[in-house]
Each structure stands twice: as C-alpha cells, then as structure tokens.
Amino acid sequence: MEKQVCFLLALLLFWDLTNSLTLIAPEEVKGLLQESVTIPCVYKPSPQCTDVMVTWYIDTNDILIHRAENSDYIPLSINRDRITMNHSPGDVSLNLKKLAYSDQGTYTCEVKCRFVNRLEGVQKRLSVNLTVIRADPLTLTVPEEVAGQLRESATIPCTYRPSPQYSPVMVTWYMNRDTILIYRDKNAAYIPRYVNRGRISINDQPGDVSLVLKNLVYADRGTYTCEVEWQFANGLKKTGRSLSVNLIVVRSLPSTRSPTSLTSSSISALSSKRPPVIPTSNAITGYNTAKVPAWIFVLTIILIVLFFSAIIILILYRTRNKTGVNEDHIYEFTRYRSVGQVRPVNLVSSESNEYETMKQVRQNEYSTLHMGSACASG
C-alpha cells in the first residue's frame with residue numbers, strides 16, 4: 001500500500017497545480033476481515049495552499065475523522081483507537097484497524113485549503129468504495145512422517161489452498177527447526193550449503209510448495225518444517241508455518257507402496273536407529289541389516305552341532321580307556337616262597353596259569369621234604 005501511495009504522489013509531481021487542488025484515490029479498496037487496511041487519498045502540497053482542512057466521511061454523511069491545524073478529531077469513541085490519518089505532506093490516507101463487515105461502504109475524502117492569490121477557498125471531494133472480505137484459511141498441510149529409500153528421491157509434501165486473493169512471496173524450508181535448508185523468493189531460490197545445491201528444490205505449483213530431495217543419504221534423516229509468506233491483493237502479508245515432518249531414510253521400501261503412503265505400523269518398523277531392511281523369504285537379516293543367505297545360516301548351525309558332538313565323544317573315549325587300565329591290574333601277584341628258598345613268581349593274568357604254577361610249586365616242595373626226611377633217617 002505504501003508503494004501505491006508513493007506512485008500517486010510521483011504522478012502529481014508532473015502536474016502544474018500551482019493554483020488548483022487535485023485529489024487522487026482509487027475507486028475501490030478491499031480489506032481482510034480482522035486485519036488493517038489503508039484507503040489512499042493524496043494531493044500535491046503547495047506553499048500557496050494554506051489553512052488545509054481534511055475530513056473523511058462514510059456513506060457521504062457521517063464524519064469519521066476531521067483534521068484542522070494538525071489536530072485530529074474523531075466523533076465516535078469506538079473509532080479513536082482504530083482510525084488514524086497519515087501526516088505526510090500531501091498524503092491524507094485513512095487507516096482502519098480490525099476491520100469488520102460493518103466497515104464496508106463508501107468513504108469520501110474531502111480536502112479544503114485557501115490559496116494566497118485567491119479570495120475563496122478550494123474544496124475537493126473524492127469517494128472510495130471499501131469491501132471487507134474474509135480471507136481463505138491459510139493452513140499448511142503436511143504429513144507426520146515420510147519414508148524415503150536410500151540413494152533415491154523423496155518428496156516432503158507441503159500444500160495449501162490456492163486463491164487469487166493471495167500469492168506466496170517467500171517459501172523457506174528448515175531442517176531440525178532452526179537450520180535453513182532452502183528458501184525461495186520471487187527472484188530465485190537460495191541454498192546455503194554447497195553440498196545441497198542441485199540436490200534439493202521446491203515445487204512451484206499453485207498451492208504446492210513441497211520439498212524434493214534427490215540421492216537420499218542417512219544424514220538427511222531429521223525433522224523438516226515449511227514456512228510460507230503470502231501477499232494479498234491489497235498489499236498485506238501473512239506468514240504461516242507448518243508442523244514438523246519426520247523424514248526416515250531406509251535401505252529399501254516395499255515395491256507396492258509409495259514413500260508417502262506407508263501405514264503407521266510400517267513406519268514405526270522402519271524408524272529404528274539402525275538403517276532397517278525388509279526381510280525376504282530367502283534371506284535372514286543380521287547385524288547392521290546385512291543379508292545372510294539361508295543356506296549359510298543352516299550350515300553354520302550344523303558345524304556348531306558337529307563340533308560339540310566331537311568334543312563329547314572324545315571325553316567319553318578317554319574316560320573308558322582309563323577304566324580299562326585299572327581292571328588289568330586286578331590279577332597281579334607279588335611273590336611265592338618255598339621251603340628253604342624264596343623265588344620270585346611272575347605275574348599272571350589267567351586262572352589256568354595260576355593253577356599250573358601252584359601245582360608246580362607243590363611238587364617241588366614235596367620233593368624237598370622227601371629228601372630231607374631221607375637224610376635224617378640215615
């Protein structure tokens with residue numbers, strides 16, 4: 001609105017209005033409900049025009065505000081905090097705050113002044129129609145979470161309802177709430193980090209300012225926030241900020257689903273700290289989501305079972321051998337003593353050998369006794 005007033009003032013500079021008074025104002029002004037609006041009214045100031053008085057009317061009869069000798073008078077007390085008049089030379093535009101539907105109507109700007117070379121004063125009036133409109137709700141719609149596949153592209157949606165009453169003049173995407181990832185104005189897009197240039201962009205469709213990321217890496221995981229500044233037809237601006245969107249980067253995605261159509265259960269399964277992987281029928285997931293073929297897993301189990309079986313068999317074999325050695329020493333014999341001579345007797349391990357040995361010993365003993373008895377009788 002300030003640009004519009006400046007343009008009107010610049011236009012007046014080309015006119016020769018030394019002894020005349022000309023007002024310039026638009027035919028119609030639109031204001032947003034509960035917002036502020038300015039109804040322009042300008043003229044070319046001149047040192048020849050003195051005793052300037054300005055009055056604003058609504059519906060051509062009711063006085064809203066009157067200025068004389070740089071003093072403003074507002075009849076209605078309810079308007080004293082929300083109606084003002086500009087004080088710049090040649091600019092007597094009317095400012096209204098907190099617009100209501102009752103403010104709609106025809107506003108008339110009246111300027112009076114007296115030229116030094118004229119006996120009579122000069123009076124000019126110009127009417128402007130004010131329309132109060134209700135702005136469409138500027139709400140940014142985003143999902144809670146988005147899952148993207150590693151090394152692929154992903155889109156973080158951010159949409160609003162487009163309208164000819166306003167247009168986006170600035171779009172900014174933040175990562176982790178505070179870090180500016182990319183912002184775009186009417187001229188171009190700006191990406192602070194060099195590594196992201198050529199990799200991220202913002203959609204430029206009506207009502208669609210979604211963020212597009214290419215060649216996803218695990219470092220892209222985090223929360224993303226969209227901020228949009230709109231400008232209305234009357235020059236007013238409004239800024240809206242979306243809720244945070246959590247981006248999950250996974251190694252692979254189900255082929256039948258898009259990154260933005262996953263259910264909550266699928267997303268929760270993909271939101272682990274380690275990069276998750278979708279298990280298949282012929283693979284078993286292991287540490288760090290590495291895929292291990294099923295036959296390797298089965299072979300490993302078999303080898304472990306064989307190893308422990310061999311250890312058990314070896315232990316049982318050693319225990320059995322130790323028991324057999326102890327049984328071989330049951331039939332050991334020490335020595336046998338005969339009459340008059342002690343002989344060592346060899347160890348035997350059979351009952352038949354023992355019987356033969358004892359029989360031989362008895363025969364020798366009997367021979368010895370018989371010879372002894374013969375000697376005693378002689």
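I began with the cysteines and found that Cys41 and Cys109 form a disulfide, with 2.2 Å between their sulfur atoms. I note that the model is a predicted one.

I looked up where the two ends sit. Cys41 is in the loop between β3 (37-39) and β4 (42-43), and Cys109 is in strand β10 (residues 105-115), so the link ties together parts that are 68 residues apart in sequence. I searched the whole structure for disulfides and got one.

Next I checked accessibility, taking under 20% relative accessible area as buried. Cys41 comes out at 0% and therefore counts as buried. Cys109, at 1%, counts as buried. I also looked up Cys158, which is buried at 0%, and Cys226, which is buried at 0%.

From Cys109 in strand β10 I went on to the sheet. I traced six strands in an open sheet with mixed pairing, and wrote down the order β2-β11-β10-β5-β6-β7. At the edges I find β2 (28-32) and β7 (71-73); each has a single partner strand, so one side of each has no neighbour in the sheet. I took the twist from one strand to the next, and it averages 20°.

Last, I looked at one pairing within the sheet. Strand β5 (residues 49-58) runs antiparallel to strand β6 (residues 62-68), and I recorded six bridges for the pair. For Val54 I looked up the bridge partner in β6, and that is Arg67.

Terms used:
Residues numbered from 1 in each chain as written. Predicted model: local features only at pLDDT ≥ 70, side-chain atom pairs only at ≥ 80, totals over all residues. Heavy atoms only, no water. Disulfide = S-S within 2.5 Å. Helix = DSSP H or I, 4+ residues; strand = E, 2+ residues; numbered from the N terminus. Buried < 20%, exposed > 50% of the residue type's maximum accessible area, 1.4 Å probe, protein only. Pairing = 2+ DSSP bridges. Axes fitted to C-alpha atoms, helices over the stretch in contact; angles between N-to-C directions.
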